[in-house]
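User: I'd like to learn how to read a model like this one, feature by feature. Can you take me through it?

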Amino acid sequence: MNGKNNSKPLGPILVLVFLCILFAVVPLLIKDQYILQVTIMALLFAYWAVSWNITCGFAGLFSLGHAAFIGLGAYVSTILFLEYAVTPWIGMLIGGLVSVVAAIIIGYPCFKLRGVYFAISTLAFVSVLQMLITGTRHLGPIDLGAGEGLLIPVAGHSWAKFQFVDKSYYYWIILAMLVGGTALAFSLKMSKIGYYLMAIKFDQEAADSLGVNVVKYKLLSWCISAFLTAMGGSFYAQLLLYVAPDRLLSIPLSIELVIIALVGGIGSVAGPIIGAFLLIPLGEILRTELGGQFAQVEAMIYGSILILIILFLPGGIKRELEERITDTVRWVVSAYKSSYGREKS
Amino acid sequence: MVGILQGAVSGLIIGGIYGAVAAGLAIIYGVMRIINFAHGELVMIGMFVTFWFWKSFGIDPYLAIIPSGFTLFFIGYIIQKGIINFALNKTTEREPLSVLLITAGLSMILINGGILLWTDYPKMIQTSYVLKSVSIGIIRIPLARLISFCLSMALVSALYFVLSRTEIGREMRATSQDREAAKLMGINQPRTYCLAFGIGAAIAGMSGALLAPIFFIKPSVGHVFIMKSFVIVVLGGMGSVPGALIGGLVVGLIESLGSQFVNPVYAQVSVFILFILFLLIRPSGILGRERI
Amino acid sequence: MGSDGFMLELDSLSKEFGGLLAVSRVRLTLNKGEIFSLIGPNGAGKTTLFNMIAGVFPPDSGKILFNGRRIDALKPNQVCKLGIARTFQIVRPFAEATVLENVMVGAFLRTSSVNEARRLSRETIDFLGLGSKMHEHAHGLPIGDRKRLEVARGLATKPELLLLDEPMGGLTPTEREELIDIIRKINEQGVTIFLIEHVMEAVMKLSKKVAVLNYGRLIFDGTPDEAVKDQDVIAAYLGEEYSVA
């Protein structure tokens, strides 16, 4: 896991270049709704991975239950819309707040658990939510949909209802969310909060002895992450116009976004984005090639990638790239220097 | 009143079987401090081995315990030797997160591989005794469940015997108490680890054989067992084999009795809440000891 | 201000671990501006005492007063905010961060501005003689530099009192000389120093006052010159291979 690398900001440069490409390519994308859809999913997972990274990569709080926040965001905004005609834009924010409350209730007592045990408690959290929604038809007068889920009625093109026929609108929104999330993550990382989180991640007790209020900062990163993740959940609900517990509140979904962040590189801001844009299109290629069985093959590939990354590339691809690039640069510079030196003498 | 008694007995019966599943997880954790996320899938493979023996040769599922156990021992040994030992060498954490993730990856591979090979449609084993019930006083117990329960008890007892009376067991207990000291005493750590994982997997496989007559069999069934096993192991005391049994009985009891009074979902949820409470407040579990 | 003007006052501190009395009714006072050393055989309870002052765990009985204010119930980060910084006997750098980043964590206690924290950290790093290694990762540093990093990090929190737990451990004689100089310089800047040490050379050269702990009990409290002549102190160390370097 990285330190903070203030002196070599390769990450933000990569991200900036990447985002510019994305903007430039949009006119082409608009023509092909399918590629647009894939890109939207990649952006969404990148967004979720960046949000997850704020609490795991920065502070070391390894959560395998982030799908809980995705689900909470999705369900809260959907129910507010279906039952009370609240526009999903506001519903998104409320979903975020609800997630923060849930994050505090569940996360806070579990902060004292070490690494794996904290991870397992997050698994319990998401399992409980999944069981509760699947098994409950009604909460008072509100229909929760149980296992079948809830459908959002199609309304064509409507900003107020957060629905669009032309997918490029979704594209712009999620792109904006990703840019915002990344900017937030980056500014956090470079600020006092970022330094404190890094200290907590590496040695909680040493951080404590230096005046860091460990609980407060863990909570801060945890809640920010929950809030952002939940908003992504609301977006997802509006994209699919359907929420159901089997996918949204599932452990596999949690693990998927963890894998994406790991592959790209935990602890860096750009890493998760790289991971998303490597894996999601891969999944889509599989879908076109394999048809029906692609879901299983994709899952097996994800599982294998997880194992391989842990065993061989725990810092993620971005770290590897960075090291290769800096090594190459150093090699080039020293080769240049030695040949220049020879000429001089 | 009868309902409650019936519910309690049913709960204990199924709980005892879950306890056997969890005992496998407990020993893997106990010796190596590894949390085997793929444990449910190991059970599932055991179920499928049993199913295959039954379908192809007409062999009674209870006899398939043996081949199931051997197969899973072999699989477990290989997994530890080939992958996990390698990961353990690279980490300094006492309870490595990396291994949890590796076993999570394995779990994904096994579930989906299974679905590709056998589809996710549930299969059932039909035996002559599946429909029979036994009456003890006013309580009725399905015969297959009763047999599975008794064999589960035997399985856990056998495991406990291996741990406490054999050389291998002693080595595993020593390693679980103090890794470094055990190494210094000449215990071959990698081999002990492989044996522990192999045995834990074998227990899972054999429990699978015991579950095959009474449960539906499909590749995704492992998910049920893994979460329950986590809960049971924490309730019983992380890494304790007798604790796993106790934990299993408690979980079975709560779920069964709870379902009598409230929506079964809430009974299950309360089990999870208990799980988190124990993690936070009493990680040494009901028995209060962190030893296998 | 302080009760009778002491900066740090330990009043009948006791701490027990599983039936074993690690620290037993210890009474000590430190004056502002002093360098005070705590010595004693291994296992005498010195680090336990530090841990109680630093807030890692509370004493079973007794009081700790810092500038007249009770701190025995405070957590480590609260103790640090009040002005007590500590180092660890086995150094705990943030391994994959650079020297600068490590020290900045300390500096952020007194400021929220990244630039200010960086400036303060650079000063502290130069003061400790680590300037040339500012952007190196902590895990690559030799032990001597890591010890300095540990001190720099604590110093960046601008403490009034600095608790140093065996800073000389693992250093070469030259490195020890340098560190002794640095500690003296830190003290000259106005920081009170409370030092746990085995290396007698450092103790004799630096301290105005010395306390000796044996089996959790305070058996001597006075000047270094008196300490080496005291019968109880000599008895406590009799037969021990004691490093006078």
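User: Let's begin with contacts in chain C: what share of those with a separation of 6 or more comes from residues 24 or more positions apart?

Analyst: Two residues are in contact if their C-beta atoms, placed from the backbone, lie within 7 Å. In chain C, 65% of the contacts with a separation of 6 or more are between residues 24 or more positions apart. Keep in mind that this is a predicted model, where local features need pLDDT of at least 70, side-chain atom pairs count only at pLDDT 80 or more, and totals for chains, interfaces and linings use all residues. Residues are numbered from 1 along each chain as its sequence is written, while chains are lettered from A and ligands numbered from 1 in the order in which they are written.

User: How many helices and strands does chain C have?

Analyst: Helices (H or I, at least four residues) and strands (E, at least two) are DSSP runs, numbered from the N terminus. Chain C has 9 helices and 10 strands. Its radius of gyration is 18 Å, close to the 18 Å that the globule rule gives for 245 residues, so chain C is as compact as a globular protein of that length. The radius is taken over C-alpha atoms, and the rule is 2.2 Å times the number of residues to the power 0.38. Along its principal axes, the C-alpha trace of chain C spans about 50 × 40 × 35 Å.

User: And what percentage of chain C is buried?

Analyst: Count C-beta atoms, placed from the backbone: a residue is buried if 20 or more others lie within 10 Å of its own, exposed if 12 or fewer, and partly exposed in between. By that count, 46% of the 245 residues of chain C are buried. Just after α1(C), G55(C) takes a positive phi of about 90°.

User: Which chains touch?

Analyst: There are 2 pairs of chains in contact, and chains A and B share the most contacts. Chains B and C do not touch, and their nearest C-alpha atoms are 14 Å apart. The other contact takes 22 residues from chain A and 24 residues from chain C. On the side of chain A that touches chain C, α7(A) gives the most, with 6 residues. By class, that side has 11 nonpolar, 7 polar and 4 charged residues. Here Ala, Val, Leu, Ile, Met, Phe, Trp, Tyr, Cys and Pro count as nonpolar, Asp, Glu, Lys and Arg as charged, and the others, Gly among them, as polar.

User: How do α7 of chain A and α3 of chain C cross?

Analyst: Angles under 35 degrees count as roughly parallel, over 145 as roughly antiparallel, 65 to 115 as roughly perpendicular and the rest as oblique. The axes of α7 (residues 192-202) of chain A and α3 (residues 99-107) of chain C come within 9 Å and cross at roughly 105°. That makes α7(A) roughly perpendicular to α3(C). Y195(A), Y196(A) and A199(A) meet E101(C), M104(C) and V105(C) there, a set with 5 nonpolar, no polar and 1 charged.

User: Which residues touch the most other members of the largest nonpolar core?

Analyst: In soluble globular proteins, nonpolar side chains tend to be buried together. A nonpolar core is a set of buried Ala, Val, Leu, Ile, Met, Phe, Trp, Tyr and Cys residues joined through C-beta atoms within 7 Å. The largest core has 280 residues, and Y196(A), A199(A) and A23(B) touch the most other members. Helix α1 (residues 2-32) of chain B gives the most to this core, with 15 residues. Leaving aside neighbours within four places in sequence, Y196(A) is in contact with A207(A), V212(A), Y217(A), V105(C) and F108(C).

Conventions
Axes fitted to C-alpha atoms, helices over the stretch in contact; angles between N-to-C directions.
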